[in-house]
Amino acid sequence: MLYHLLFPLTSSLGLQCLPVRHVSDGGGVSLTALVVTLLCGPAIIEKLTAMRARQVVREDGPQSHLKKAGTPTMGGVLILLAVTAATLLWAQLTNRFIWLALLTTLAMGRWGSWTTISS
């Protein structure tokens with residue numbers, strides 16, 4: 001979305017010779033993902049804690065892993081949210097490979113969470 005709004009400005013500002021699109025995309029994507037993670041992270045962790053989605057640690061494993069007991073799991077939801085938001089804001093949405101990559105990422109994230117819940 002932002003790609004379609006900002007890219008035409010590079011030629012009107014006389015910046016077409018610079019790789020402005022790639023620099024702004026990289027910085028914008030990173031900053032967007034960081035902001036989404038910082039803003040949504042506490043709420044998602046609180047929700048996962050309320051749902052009792054907690055780490056189960058086997059007793060026969062290493063003793064150092066016992067401190068992980070009770071840690072909220074499924075933090076990948078937060079990563080998928082940040083990736084999706086950044087992609088929808090900064091990617092060239094007319095490119096079918098962007099959609100293929102995003103939908104594959106979301107499908108694998110969904111499949112991974114389903115197998116974790118069902119086991």
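This tour moves from the whole chain to selected residues in the predicted model.

**Before selecting**

The model is predicted, and local features need pLDDT of at least 70, side-chain atom pairs count only at pLDDT 80 or more, and totals for chains, interfaces and linings use all residues. Residues are numbered from 1 along each chain as its sequence is written, and side-chain values use heavy atoms, with hydrogens and water left out.

**The whole chain**

Helices (H or I, at least four residues) and strands (E, at least two) are DSSP runs, numbered from the N terminus.

Next, colour by pLDDT, the predictor's confidence in each residue, from 0 to 100. The average for the chain is 77, and 71% of the residues score at least 70. Among the elements, helix 1 (residues 2–12) has the lowest mean pLDDT, 61, while helix 3 has the highest, 90.

Then display the surface. Of the 119 residues, 18% count as buried. Buried means under 20% relative accessible area, exposed means over 50%, and partly exposed lies in between (1.4 Å probe, protein chains only).

**Helix 2**

Select residues 20–50, which form helix 2. Leu-39 lies in this helix and is exposed because its relative accessible area is 66%. Together with Leu-31, Leu-34, Val-35 and Leu-38, Leu-39 makes a nonpolar surface patch of about 510 Å². Patches are made of residues with over 30% relative accessible area and no salt bridge; like charges are joined within 9 Å, and nonpolar side chains (Val, Leu, Ile, Met, Phe, Trp, Tyr) within 5 Å. A salt bridge is a side-chain nitrogen of Lys or Arg within 4 Å of a carboxyl oxygen of Asp or Glu.

Val-29 is also in helix 2; at a relative accessible area of 33%, Val-29 is partly exposed. Draw a C-alpha to C-alpha distance from Val-29 to Val-83: the two are 54 residues apart in sequence and 8.5 Å apart in space.

**Helix 3**

Val-83 belongs to helix 3 and is partly exposed, with a relative accessible area of 36%.

Now select all of helix 3, residues 76–90. At 1.5 Å a residue, its 15 residues should span 21 Å, and the end C-alpha atoms are 21 Å apart, which agrees; the expected span is 1.5 Å times one less than the number of residues. The buried residues here include Leu-78, Ala-82, Thr-84, Ala-86, Thr-87 and Trp-90.

Centre on Thr-87, which counts as buried because its relative accessibility is 18%. Not counting residues up to four places away in sequence, Thr-87 touches Leu-93, Ile-98 and Leu-102. Contact means heavy atoms within 4.5 Å.

**Helix 4**

Finally, select Trp-99 in helix 4 (residues 96–118). Trp-99 is partly exposed, with a relative accessible area of 35%. Its C-alpha atom is separated by 9.2 Å from that of Thr-87, twelve residues apart along the chain. Leaving aside neighbours within four places in sequence, Trp-99 is in contact with Leu-88 and Leu-93.

Return to the whole chain to end: among contacts between residues at least 6 apart in sequence, 57% join residues at least 24 apart.

Note on methods:
Accessible areas come from the Shrake-Rupley method with a 1.4 Å probe; for residues, only the protein chains shown count as cover.
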